[in-house]
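Reader: I would like to go through this model step by step, taking its salt bridges, its pockets and its surface in turn. Could we begin with the terms that are needed?

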Amino acid sequence: MKNPLWAKAINSCADPQRARHFVELLAATAAGTALGKCSAGQIRVLVALGGGSQVLSELLVANPDWLALLDFGQIQHPRRAQGFRSEVQSWLKPLLAGRNYPGALARLRQFKQREMLRIAARDLARLADVVEITREISDVADVCLDAVWQICRQQFAERFGQPYHQDADGRWHATAFCVLGMGKLGGQELNHSSDVDVLFVYSDEGQVFKEAPAKEAPAGTMTSHAFFNRLAEAFIAEVTRMTLDGVLYRIDLRLRPEGDAGPLCRSLASYENYYAQWGQTWERMMLIKSRRVAGDEGLAHEFLEMIQPFRF
């Protein structure tokens, strides 16, 4: 690069040799022309990325059109959770309507890669503090997990139907389900390589039907517990699946009641019974950070209200 700002930035970065090699590779791509027009701020961001992360440098070289993500006028500021959700829903809804589930998952993984590249560049260029960076990473995780939940839930509804449960008067109600974030995910403190701790909860025991049952319901296809356990397994498989577009997240399920020996999903009453009778001190502490990340918001609030006496 003829611009002396490149040499100055490279010589003062964490790894000048690696940063120089990255810039040379990027200049040989379709982004080469744009590099000659970079501002001093954008040069600093690119060099910080090249000198600080080989993996992300290679990702940008492989996707030179992503250079626009690092526009200095925009990258100085964090993106908000609502912006992430609006962007993902704008393309997720049409793909779900068309039942293009592989396409939706592939696009979601690409979205996650792009956003993690942008956030890492902000971090390496010191454009944000650790609180802002971890909050952005956590917001990206929230929207990704919620999108996978929507994709899996629609597929299961088409295949099996909808779980229902009866109230005290014998009336049938659709059974709600949600995913709760725990640990660093719950506290919105994820870092660049964090796994995600989750709990799965459904509102009540019941059965699964293709159509809403009348007062005298026919035999269901399966129990709600079996349905939600299989749904959780599908959710975990998609979140942790390694593909050409990368993996979304590693999942840690050991914070659930009884750890690896316990069921993946429990009803609200089952959680209440467990924490009241067998909950330990570390579980009280662990639940302090719990919050809803996907699924039914009303059920998540009910769960948090239910555990409030136990965790405090």
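Author: A salt bridge is taken here as a side-chain nitrogen of Lys or Arg within 4 Å of a carboxyl oxygen of Asp or Glu. The model is a predicted one, and the structure holds 19 salt bridges.

Reader: Which residue forms a salt bridge with E238?

Author: The closest N and O atoms of the pair are 3.6 Å apart, which falls within the 4 Å cut-off. The two residues belong to distant parts of the chain, 129 residues apart, with E238 in helix α11 (residues 224–240) and its partner in helix α8. Both residues are buried, and the partner of E238 is R109.

Reader: Is R122, which meets E136 in a salt bridge, buried or exposed?

Author: The side chains of E136 and R122 meet at 2.6 Å, N to O, and this pair links helix α9 (residues 130–160), which holds E136, to helix α8, which holds R122. E136 has a relative accessible area of 1% and is therefore buried, since buried means under 20%. With a relative accessible area of 0%, R122 is likewise buried.

Reader: How many residues apart in sequence are the parts that K289 and E189 tie together?

Author: The side chains of K289 and E189 form a salt bridge of 2.8 Å, N to O. K289 lies in the loop between α13 and β8 (291–295), whereas E189 lies in the loop between α10 (183–186) and β4 (196–202), so the parts tied together are separated in sequence by 100 residues.

Reader: Which helix supplies the largest share of the lining of the largest pocket?

Author: The largest pocket holds about 440 Å³ of space and is lined by 19 residues, with K112, M116, H192, V247 and L248 nearest its centre. This lining divides into 10 nonpolar, 6 polar and 3 charged residues. Both α5 (54–62) and α8 (101–124) supply at least two lining residues, but the largest share, 4 residues, comes from α8.

Reader: What is the volume of the second largest pocket?

Author: The second largest pocket is lined by 16 residues, of which A9, S12, C13, R44 and A48 lie nearest its centre. Helix α4 gives the largest share of this lining, 7 residues, and the volume of the pocket is about 340 Å³.

Reader: Is M285 buried or exposed?

Author: M285 is placed in helix α13 (residues 281–287) and, together with I288 and F312, forms a nonpolar patch on the surface. Because exposed means over 50% relative accessible area, M285 at 58% counts as exposed.

Note on methods
Residues are numbered from 1 along each chain as its sequence is written. This is a predicted model: local features need pLDDT of at least 70, side-chain atom pairs count only at pLDDT 80 or more; totals for chains, interfaces and linings use all residues. Side-chain values use heavy atoms; hydrogens and water are left out. Patches are made of residues with over 30% relative accessible area and no salt bridge: like charges are joined within 9 Å, nonpolar side chains (Val, Leu, Ile, Met, Phe, Trp, Tyr) within 5 Å. Accessible areas come from the Shrake-Rupley method with a 1.4 Å probe; for residues, only the protein chains shown count as cover. Buried means under 20% relative accessible area, exposed over 50%, partly exposed in between (1.4 Å probe, protein chains only). On a 1 Å grid over the protein atoms alone, a cavity is a set of points where a 1.4 Å probe fits but cannot get out, and a pocket is an open set with protein on both sides within 12 Å along at least five of seven lines; lining residues have an atom within 4 Å of a point. Grid points are joined across faces, edges and corners, and a volume is the space filled by probe spheres set on the points. Ala, Val, Leu, Ile, Met, Phe, Trp, Tyr, Cys and Pro count as nonpolar, Asp, Glu, Lys and Arg as charged, and the others, Gly among them, as polar.
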